[in-house]
Every structure is written in structure tokens, then in C-alpha cells.
Amino acid sequence: MELRIGLVPLPVYLLLLALIGGFVYMGKVPTDISVSIAVLAVGGFTCAEFGKRMPLLRHIGAAAIFATFVPSFLVYAHAMPPVLLKNVAEFTKNSNFLYLFIASIVVGSIFSMDRDVLIKGFLKIFAPLAAGTVVAALVGTAVGTALGMSWQHTLFFIVVPIMAGGVGEGAIPLSIGYAAILGHAQGEIFAQVLPPVMLGSLSAILMAGALNFVGKRYPHLTGEGRLQPGSEDDVRVTELPAATVDVGQIAGAGLTAIALYMVGLMSHKLFDFPAPVVMLFVAVLLMLCRVVSPQLQQASGVVYKFFSTAVTYPLLFAIGAALTPWEKLIAAFTIVNLITIVATVATLMATGFVVGRMLKMYPIETAIINACHSGQGGTGDVAILTAANRMQMMPFAQIATRIGGAIVVTLALFALARVGMA
């Protein structure tokens, strides 16, 4: 029972596999929520398990890639039984559990951050991060436009996804917002914004590894994990006060996330503001105003970890099978897109390097933090900092990914609503 496929104990996994196969053989897979959860769990964790075992690729988020790409290809190749696809598609479209995931991930990730780390860390990295974002957006858009794409497509569908904060916190909310603004299917847009997220993260990992090598050759450019000379401990991650998080507190944290999402929905109805963006900034405001109790912070951390660990791969499997056309997914992998992505990430890191040096910070460290801004969420942060051998900078990386990504998503949605697509 301790051997697991993803989170599922192996005997339970084999039992579920046999039962799902039996229902498919009988020609009707029940559409109730319990069976649908089982189908998505088996599909998502199976694909992710293959990704985690791929040489080299497992270090750059292959689990998420496989969980999205494999079901999309199976549908394209007519290799997924129609009754199984019907179950996945109906549950995904009718339940809208995607929005529950977004609320839990966004609110949970913000509430579970240490307030002092959130403030001090953001103040330290604000200038290199802001400058890098602006310059990378300009250069990336210019490169894509020079290679023949429209500037709107380059900016909103290639450059912005790179710096949006990953898949769960970036690509998914972005695709929901784009779909609402443009009136297109969310799955088709997700298929376009996902490849830049993945290729941007891969580029950042490779460049961060190269910067680690540069730091060994030129020691005066690096603090070996410290942002500024003389600061032995830039940002200490303080543990929240010890407390027992009971089931009631966890349930309360989940309902708090849902309440904030409903605040976002109401603001969308009244003022046409994107719901995920409003929800995120209300969560940040509550954290800054010390409204969130330590117990709610701890419980929110549990909610965040549960959804990020247990729901991400089944959700990606559902999106891949039900909403993501294989043709549009593959169409995004072009040499023009690749050049634009590499130019964007390189500019983001180079600007961080230059601005960091101007502000008397260690330039290699500021460049690596900027690299995390183009990473694939938490997985990307771990991969980038591992490649750079600077895991102690995780608090800065989390701020660059979560807060930096949220700001980019917000600005992009407001800009697209005003500018539109040519």
C-alpha cells in the first residue's frame, strides 16, 4: 500500500484501473462526481508518473507537460474511448472545478506566505524585477514583431505567459481571462499560452546554470546566495507560531478562498474586473493589513498544499482531454516562438543583472531571481535555483513567481481589455 502512483496506493490504483476498464467495456462510464474524480486521478497521475521518470526532462516540469500533452494527443488520435472522454468532458465543463482550484491555489499561496518576508523581500527585489519585466516585454515583443508576428499576439500570447507565474497561478487564470475578454474557448487559448510557459522555464533553468558557472569564474559578481554585501541573512523564513490545524480551520480556510473568489465574481459583474485578479489583490491586501490570523495562515497553507499536490495533475489531464486541441498545442512550438521566448528570458535576466549592479547588489543573484519570474511556478523555482545552486534564495523566488506573476497577469488582462486583438 505504500507503493504509489502519484498519490494513489498501488493496489487502489490497480483496482481503479480495472473498474474503469470494466465500465468502458460495458459501454457506459457513470458521470457522477466520484467516478469522474477517479478517472481524472488515474489519468493525471499516470501521465505525471511517466513524466517524472523521463531522463533530463523530469527536471524541467515534464510531469505537468505529460499530464496535459498526453490526453490531448490521445483525443486527437482517437485513442481514448469515447465513453471515457464523454465522462471527462462533461464533468470538466459542468462542474467548473477549475475555479475552485484557482481560488484555493491563489488565496492559499498568498495567505501561507510570511508577511515580513512578503514585504521585505518584495522591497529588495522590486527594482530589478520591475525593470526586467518592462524591458523583457519590450524586447520580446519587438523580436516577435520583427520575425513576422503581430505585436498583440507576441505580447499577450508569448511574452506575458512567460512571466505569468507558471501553470496553476499563471497560464490557467490567464487563459480564463483571455477567453472572457476575447470570447474564445478557454481550452484553445490555454493551448497557446502553455508552451511559452514551459519553454520559458526551460530557458531560465539553462541560463541560471550558466550564471552559476560565471559566478565561480568571477567571484566578485556573486554573493553565493546573498543579495547584498554585508547581509548574512537577507530574508529569514520564520515559521508561523506552532499550532494544531484542525479540520474545522482547514474547512474555514477553503470557504475563505471561495468567499474571496465570489468577491471577484461580483466585481466582474459590477465593474467588469477579472475575478481571479480581484481575488488575488484582496488576499494580498488582507495580508498586508494583518487581518489574517496565524491559524488561518496555517490552514490556508494546508489547502494550498492539498490542491497543488492532489489536484494539479488530474486538473491538467482534464484540461488536456476536454479543452485543449492537440493541433493548437503543437502549433505553438515554432522556431519563431522559440527565438522570441529565449530573447525575452535573456533580456529579463540581463536587466536584473545590470540593475542589481547599479543598486550595489550582487548582479548574479538579482539575475537569478529575475529568472524565477519566468519559471514554471513552484516547480520552476526549485529547478532554477537547483541549477544555480542557490536554494537559500527560495523566499525571493516565491515572491518573484507569485506576486510578480500576479501583477503581470493583472496588467495583461487590463491591457487586453482596452487594446483587444488585431
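How many salt bridges does the structure hold? The structure holds 5, where a salt bridge is a side-chain nitrogen of Lys or Arg within 4 Å of a carboxyl oxygen of Asp or Glu.

Before I go through some of them, a word on the source. This is a predicted model, in which local features need pLDDT of at least 70 and side-chain atom pairs count only at pLDDT 80 or more, while totals for chains, interfaces and linings use all residues. Residues are numbered from 1 along each chain as its sequence is written, and side-chain values use heavy atoms, with hydrogens and water left out.

I begin with arginine 4. Its salt-bridge partner is glutamate 2, with 3.9 Å between the closest N and O atoms. For accessibility, buried means under 20% relative accessible area, exposed over 50%, and partly exposed in between, with a 1.4 Å probe and protein chains only. Arginine 4 is partly exposed because its relative accessibility is 39%. Glutamate 2, at 65%, counts as exposed.

Next, helix α1. Helices here are DSSP runs of H or I with at least four residues, numbered from the N terminus. Helix α1 covers residues 10-26, which is 17 residues. From first C-alpha to last it reaches 24 Å, close to the 24 Å expected at 1.5 Å a residue; that expected span is 1.5 Å times one less than the number of residues. Just after α1 comes glycine 27, with a positive phi of about 90°.

Now a salt bridge inside a helix. Lysine 86 pairs with glutamate 90, and the closest N and O atoms are 3.2 Å apart. Both residues lie in helix α4, residues 82-95, and are 4 residues apart, about one turn of the helix. Lysine 86 is partly exposed because its relative accessible area is 45%. Glutamate 90 is also partly exposed, at 30%.

The next pair is arginine 390 and glutamate 224, which form a salt bridge with their closest N and O atoms 3.9 Å apart. This one links distant parts of the chain, 166 residues apart: arginine 390 is in the loop between α16 (377-388) and α17 (394-419), and glutamate 224 is in the loop between α9 (186-217) and α10 (247-271). Arginine 390 counts as buried because its relative accessibility is 0%, whereas glutamate 224 is partly exposed at 42%. There is a network here as well: salt bridges link Glu224, Glu365 and Arg390.

Helix α9 also contains glutamine 186. Glutamine 186 is buried because its relative accessible area is 15%. Its side chain makes a polar contact of 2.8 Å with the side chain of serine 175. A polar contact is a pair of N or O atoms within 3.5 Å; within protein, one must be able to donate a hydrogen and the other to accept it, and residues adjacent in sequence count only if both atoms are side-chain atoms.

The structure holds 1 cavity of 30 Å³ or more, a cavity being a set of points on a 1 Å grid over the protein atoms alone where a 1.4 Å probe fits but cannot get out. The largest cavity has a volume of about 130 Å³, meaning the space filled by probe spheres set on the points, which are joined across faces, edges and corners. Lining residues have an atom within 4 Å of a point. There are 15 of them, and the closest to the centre are Val106, Glu169, Pro173, Leu280 and Ala406. Helix α17 gives the largest share of the lining, 6 residues.

Key:
Helices (H or I, at least four residues) and strands (E, at least two) are DSSP runs, numbered from the N terminus. On a 1 Å grid over the protein atoms alone, a cavity is a set of points where a 1.4 Å probe fits but cannot get out, and a pocket is an open set with protein on both sides within 12 Å along at least five of seven lines; lining residues have an atom within 4 Å of a point.
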